[in-house]
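Subject: Structure handover

Hello,

Here is the structure I said I would pass on. My notes on it follow below.

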2 protein chains.
Amino acid sequence: VARDGESGLLDRIGARLGHGPAGEVWAGDDAAAFPSPGAQLLFTTDTMVEGVDFDLDYCAGYDIGWKALHITVSDIAAMGGHPTHAVSSLSLPAHTEVAFVDDFMEGLSRGAASVGVHLVGGDLSRADTISVNLALVGATEGSAPVLRSGARSGHALCVTGHLGGSRGGLHVLKRGLRGRDRDVDSRLTAASERLARRHLRPTARVRAGRALARLGASAMIDISDGLVIDLNRLMSASGTGCQVEPADVPVEPDLEVLAGASLKDGFLDPLDAALTGGEDFELLFSIDQSLVDEMTSSLGETGTHVTLLGTVTEGASMIGERSLDSWEEPGWDHLRGG
Amino acid sequence: VARDGESGLLDRIGARLGHGPAGEVWAGDDAAAFPSPGAQLLFTTDTMVEGVDFDLDYCAGYDIGWKALHITVSDIAAMGGHPTHAVSSLSLPAHTEVAFVDDFMEGLSRGAASVGVHLVGGDLSRADTISVNLALVGATEGSAPVLRSGARSGHALCVTGHLGGSRGGLHVLKRGLRGRDRDVDSRLTAASERLARRHLRPTARVRAGRALARLGASAMIDISDGLVIDLNRLMSASGTGCQVEPADVPVEPDLEVLAGASLKDGFLDPLDAALTGGEDFELLFSIDQSLVDEMTSSLGETGTHVTLLGTVTEGASMIGERSLDSWEEPGWDHLRGG
């Protein structure tokens with residue numbers, strides 16, 4: 001990108017952002033300006049760093065743009081709100097291909113469009129490695145946001161979708177198993193491809209999050225760092241414990257296919273991936289027992305799978321007979337991990 | 001910081017962010033939540049990267065936190081609005097000292113307090129080099145924001161403060177001239193110190209920006225990339241040109257002291273620094289001639305120096321007899337520059 005310089009590249013990016021409707025300012029001025037999307041705002045930010053959060057060996061620019069958008073939107077979804085406006089900051093080395101930036105912007109734009117978010121500005125910097133930051137504004141549905149702190153003893157503990165898929169996808173991608181010739185086992189090929197996409201192209205649960213706010217979820221968090229860590233966060237914030245049975249954890253079915261193939265390239269335990277894998281961006285929430293049936297059928301109507309994981313208690317936070325605190329290094333720890 | 005890990009460090013940072021008033025959510029949940037600060041929102045982001053935007057040889061964590069906050073606030077000031085809520089993202093290597101993070105948070109918090117901004121959240125990542133991203137929400141004063149596009153032929157062209165000080169400070173810092181024993185020239189010592197502070201601790205012109213919106217400035221931009229680049233941006237956005245006399249450019253007086261000392265460590269031309277230096281974060285604006293007297297006395301009452309730089313025209317954008325387009329590599333270009 002060095003040949004185009006910053007202004008040339010900003011022009012390319014600006015052309016993709018488009019112009020807002022009359023009375024709004026998107027890219028091209030000092031800041032974006034637009035009518036407030038609601039009385040109660042939501043505001044969050046997330047960063048993805050090359051070599052830590054993604055690897056260019058198996059992530060295209062499109063994947064990075066899409067994922068940066070959706071992981072940040074997921075924070076808004078976990079509050080029961082809807083995201084409306086985003087600004088992005090891209091840092092990259094001068095030797096980066098312009099095609100990468102175009103591909104990134106395409107993924108970012110499509111990711112934003114998929115959840116109704118307007119990309120209203122951004123910033124470009126030079127750096128030794130690629131990193132991307134997304135900041136998002138959104139609003140609640142008139143009601144208060146669903147916090148992490150509202151779980152009460154006796155509430156049901158539930159989760160959307162299946163867990164461990166993103167971790168499985170990382171396994172597939174790191175070992176180059178994606179797209180490898182598998183004529184002997186087309187089921188494995190298809191499972192590997194789906195897992196890889198779970199890792200590269202997560203989808204924030206915006207509709208489910210809004211529905212859960214309306215349906216009266218008492219506490220909610222998105223699973224970004226793994227069930228063990230995020231369940232612990234939810235219970236700590238609420239000042240409660242929980243009892244979850246390992247058999248009730250909704251393990252991503254494709255992980256069983258992968259494990260069953262007993263590849264010489266390393267075995268990934270499906271339950272372990274589901275418990276500690278992270279980056280599934282499913283919603284983990286508590287809700288009064290009396291509301292569980294209505295919630296399950298309401299979410300089911302929109303095609304969202306929900307699993308009853310267990311119960312909020314006044315005791316310690318347990319999965320089976322194991323305390324959540326007993327996992328030594330569960331999930332991602334961005335400063336320690338590799 | 002590796003010993004504390006992400007959660008330990010987030011706890012340290014969270015303790016510094018504090019809790020919002022009742023009904024608001026700051027750090028500690030998936031996103032910040034707060035009442036919208038106005039009907040018309042402003043939203044912007046900025047990034048600072050180690051080795052590109054700052055150098056740890058002469059920037060302390062405090063400086064980086066303060067500056068990241070103020071350069072982002074400056075975008076809101078240049079729209080004539082006031083900033084209200086910020087989220088920060090800090091990326092750093094695992095070997096970073098915890099003391100650096102504490103110092104950074106101190107500078108960030110004090111910078112935020114100095115302009116009435118609430119730090120309501122943040123994100124922490126591991127990376128090979130340090131970088132910091134700030135995203136800011138603010139609001140206009142009920143009126144529309146002051147855009148870059150409103151300058152019209154005949155309007156006066158003005159700028160707050162003096163220019164080139166930040167560039168002079170960088171010169172002082174890079175050459176290790178700050179704090180060097182100068183008993184022979186205490187005037188130079190004092191000037192060097194002030195210049196260094198101009199570079200390390202800029203102050204966004206929030207009050208002046210709000211006043212200029214009320215007083216009817218027709219177009220406005222903050223000088224982040226140097227007068228030549230930012231004047232060109234203002235004129236291009238407005239579809240106008242301008243005539244500015246070099247003698248009218250308010251050169252930072254301390255630059256003359258530095259230049260007069262004829263140091264063997266390299267000469268910095270004061271006018272060149274004022275024209276192309278960048279990072280002064282002064283406000284460059286156009287305003288109807290009939291409003292200039294009232295504007296000058298109003299800003300003067302609050303202690304803000306204003307200079308009449310020239311006039312908006314229908315012709316080319318000129319400083320003296322030189323076209324703004326004739327500067328080859330003016331100011332900063334983050335992707336090309338070093």
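How many salt bridges are there between chain A and chain B? The count between the two chains is four. Please keep in mind that this is a predicted model, and that the values here are computed from it.

One of the salt bridges involves Arg148(A) and Asp30(B), whose closest N and O atoms are 2.9 Å apart. In general, side chains of opposite charge can pair when their charged atoms come close. Polar contacts were also counted across the interface of chain A and chain B, and there are 21 such residue pairs, with both residues at pLDDT 80 or more.

By residue type, the side of chain A that touches chain B divides into 36 nonpolar, 21 polar and 14 charged.

As for the extent of the interface, 71 residues from chain A and 71 residues from chain B take part in the contact. The area buried between the two chains is about 5100 Å², and carbon and sulfur atoms give 54% of that area.

Strand pairing also crosses from one chain to the other. β1(A) pairs with β2(B), residues 40-49, in the antiparallel sense over four bridges. Within β2(B), the residue opposite Phe34(A) is Leu41(B).

Turning to the whole structure, a search over all chains finds 26 salt bridges. Among them is the pair Arg194(A) and Asp254(A), with an N to O distance of 2.7 Å. This pair links distant parts of the chain: Arg194(A) is in helix α5 (residues 186-200) of chain A and Asp254(A) is in helix α8 (residues 253-260) of chain A, 60 residues apart.

Next, the sheet in chain A. Seven strands form an open sheet with mixed pairing, in the order β7-β9-β6-β10-β8-β11-β12. β7 and β12 (322-323) of chain A stand at the edges with a single partner strand each, so one side of each is left without a neighbour in the sheet. Inside the sheet, β8 (residues 241-244) and β10 (residues 306-313) of chain A run antiparallel and are joined by four bridges. In that pairing, Gly241(A) has Thr313(A) of β10(A) as its bridge partner.

For chain B, the notes cover the pairings of β8(B). Strand β8 (residues 241-244) of chain B pairs with β10 (residues 306-313) of chain B in the antiparallel sense, over four bridges. Here Val244(B) stands opposite Gly310(B). β8(B) is also joined to β11 (residues 317-319) of chain B by three bridges, and these two strands run parallel. In β11(B), Ser317(B) is the bridge partner of Cys242(B).

Regards

Key: Residues are numbered from 1 along each chain as its sequence is written. Chains are lettered from A and ligands numbered from 1 in the order in which they are written. This is a predicted model: local features need pLDDT of at least 70, side-chain atom pairs count only at pLDDT 80 or more; totals for chains, interfaces and linings use all residues. Side-chain values use heavy atoms; hydrogens and water are left out. Contact means heavy atoms within 4.5 Å. Buried area is the accessible area (1.4 Å probe) that two parts lose on being put together, summed over both. A salt bridge is a side-chain nitrogen of Lys or Arg within 4 Å of a carboxyl oxygen of Asp or Glu. A polar contact is a pair of N or O atoms within 3.5 Å; within protein, one must be able to donate a hydrogen and the other to accept it, and residues adjacent in sequence count only if both atoms are side-chain atoms. Ala, Val, Leu, Ile, Met, Phe, Trp, Tyr, Cys and Pro count as nonpolar, Asp, Glu, Lys and Arg as charged, and the others, Gly among them, as polar. Two strands pair if DSSP finds at least two bridges between them.
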